[in-house]
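This briefing sets out the overall architecture of the structure and then turns to individual residues, grouped by topic.

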Amino acid sequence: MKKALIIGGAGFVGNYLMDYLNKECGWSVAVTKMENERIQKEKVDIYDLDILEKDAIVEVLNSVKPDYIFHLAAQSSVKLSWENPGLTIDINIKGSINLLESVREWGSKPRILMIGSGEEYGYISPETVPIQEETILHPGNIYAATKACQNMLSKIYSDAYQMDIIMVRAFNHIGPAQSPIFVVSDFCKQVAEIEKGKREAVIRVGNLSAYRDFTDVKDVVAAYALLIEKGKKGETYNVGSGKAIQIQSILKELLQLSSMEIKIEVDEAKLRPIDVPIIEADIKKLVETTGWKRKYELTDTLKETLNYWRQTV
Ligand code: A2R
């Protein structure tokens, strides 16, 4: 039986990935979390690990002896990366190097999936949409720059040390339990709070004109599992739906799912210092390599996420 290790497994994606690897792939699963985080799952071995402590990574590798490593640990918020660039650089760049160096020193050659972001592409001209993996990167924010750096370092480790590393650029993924610092969760939480009378009937929004490529997180983790088996060493794969949708349309759909009369107000605090107008993935390489196909429709994911917040607030 294959042994998978998820680094940074207590976050949004980790939670879905654990279930998928256990139930759909039938692999044995170990996960790491930060000391202050909690994971309540059966059939999963749990380790505390801060990736800024390199020696601790080697200890986990020695205990788990993974065939596959999914590197999810990150400071994953664009907003927070503007507010705390130093921390973002430490976790996303230094943390990734710590992992790569630890695996190199460990000696065995597990397959490693390094999770990056569609944000890495940054400013792209309309004719380069949908974005292919070879597109020149113009990261437009600090988070994106750290993930672009993680991708480059991973490629260098793969080539220089013949390590079995595959890189992903994941576009926006959404679903129940995502932090409300991300746009869809934020909108759903606000609508649920308005319905419960916990706030006035005004939804506060940022830039509604941007186009982003949204995929259900369950489809995203299925792509990760396929890529770690079928991806080619040293290659980068986009993971997304292949279709960008305007944030405005998402908001419209969500407001239609509510029976309340809700006003829209722009909140200056939700606007970014610089925002990329359109991000849409070309997913040919992913599909051709793995046969991946999206299973969940956006409308259903929006309903599920809104219902999650209705039960949570
Ligand atoms: O920041 P926390 O306490 O929520 O913990 C996050 C964890 N993490 C770390 N793990 C180990 N050592 C660190 N120094 C460290 N700093 C943060 O990584 C969290 O539990 C996990 C990342 O999960 P999320 O922030 O929920 O990200 P998500 O949505 O699961 O995305 C997974 C990956 C990330 O690399 C994103 O940048 C990419 O997919 O899109």
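**Briefing on the predicted model**

At 48% relative accessibility, Q162 counts as partly exposed, since this value lies between the 20% and 50% cut-offs. The structure is a predicted model. Its protein chain contains 10 helices and 13 strands. The radius of gyration is 19 Å, close to the 20 Å that the globule rule gives for 313 residues, so the chain is as compact as a globular protein of that length.

**Overall form and surface**

- Taken along the principal axes, the box filled by the C-alpha atoms of the protein chain is roughly 60 × 45 × 40 Å.
- Of the 313 residues in the protein chain, 51% are buried.
- The protein chain exposes about 14,100 Å², and carbon and sulfur atoms supply 50% of that area.
- Considering contacts between residues at least 6 apart in sequence, 79% join residues at least 24 apart.

**Cysteines**

- Zero disulfides are found in a search of the whole structure.
- C188 has 0% relative accessibility and therefore counts as buried, the cut-off being under 20%.
- C149, by contrast, counts as partly exposed, because its relative accessibility is 25%.

**Backbone features in loops**

- The peptide bond that leads from V129 to P130 is cis, with omega near 0°.
- P130 belongs to the loop between β5 (111-117) and α5 (142-161).
- The position of Q162 is in the loop between α5 and β6 (165-170).
- A177 likewise is not a glycine and has a positive phi, of about 80°.
- The loop that holds A177 runs between β7 (173-174) and α6 (183-195).
- With a relative accessible area of 37%, A177 is partly exposed.

**Strand β1: A4**

- A4 is part of strand β1, which covers residues 3-7.
- The relative accessibility of A4 is 0%, so this residue counts as buried.
- Not counting residues up to four places away in sequence, A4 touches L21, W27, S28, V29, A30, Y68 and F70.
- A4 and V64 are 60 residues apart along the chain, while their C-alpha atoms are separated by 8.5 Å.

**Helix α1: F12**

- F12 lies in helix α1, made up of residues 12-25.
- F12 counts as buried because its 15% relative accessibility is under the 20% cut-off.
- Leaving aside neighbours within four places in sequence, the contacts of F12 are H173, I174, G175, P176, A177, Q178 and V217.
- One of these partners is A177, the residue noted above for its positive phi.
- Between F12 and H173 there are 161 residues of sequence separation, and the C-alpha to C-alpha distance is 9.7 Å.

**Helix α10: T301**

- T301 is located in helix α10, which spans residues 298-312.
- T301 counts as buried, since its relative accessibility is 2%.
- Its contacts, apart from neighbours within four places in sequence, are I174, G175, D216 and Y296.
- I174 and G175 are among the partners of T301, and both are also in contact with F12.
- T301 and F214 are 87 residues apart in sequence, with 9.9 Å between their C-alpha atoms.

**The loop between α3 and α4: N84**

- N84 is placed in the loop between α3 (78-83) and α4 (85-106).
- N84 has a relative accessible area of 33% and is therefore partly exposed.
- The C-alpha atoms of N84 and I142 are separated by 9.3 Å, although the two residues are 58 apart along the chain.

Key. Residues numbered from 1 in each chain as written. Predicted model: local features only at pLDDT ≥ 70, side-chain atom pairs only at ≥ 80, totals over all residues. Heavy atoms only, no water. Helix = DSSP H or I, 4+ residues; strand = E, 2+ residues; numbered from the N terminus. Rg over C-alpha atoms; globule rule 2.2 N^0.38 Å. Buried < 20%, exposed > 50% of the residue type's maximum accessible area, 1.4 Å probe, protein only. Contact = heavy atoms within 4.5 Å. Areas by Shrake-Rupley, 256 points an atom, 1.4 Å probe, with all protein chains shown as cover. Disulfide = S-S within 2.5 Å.
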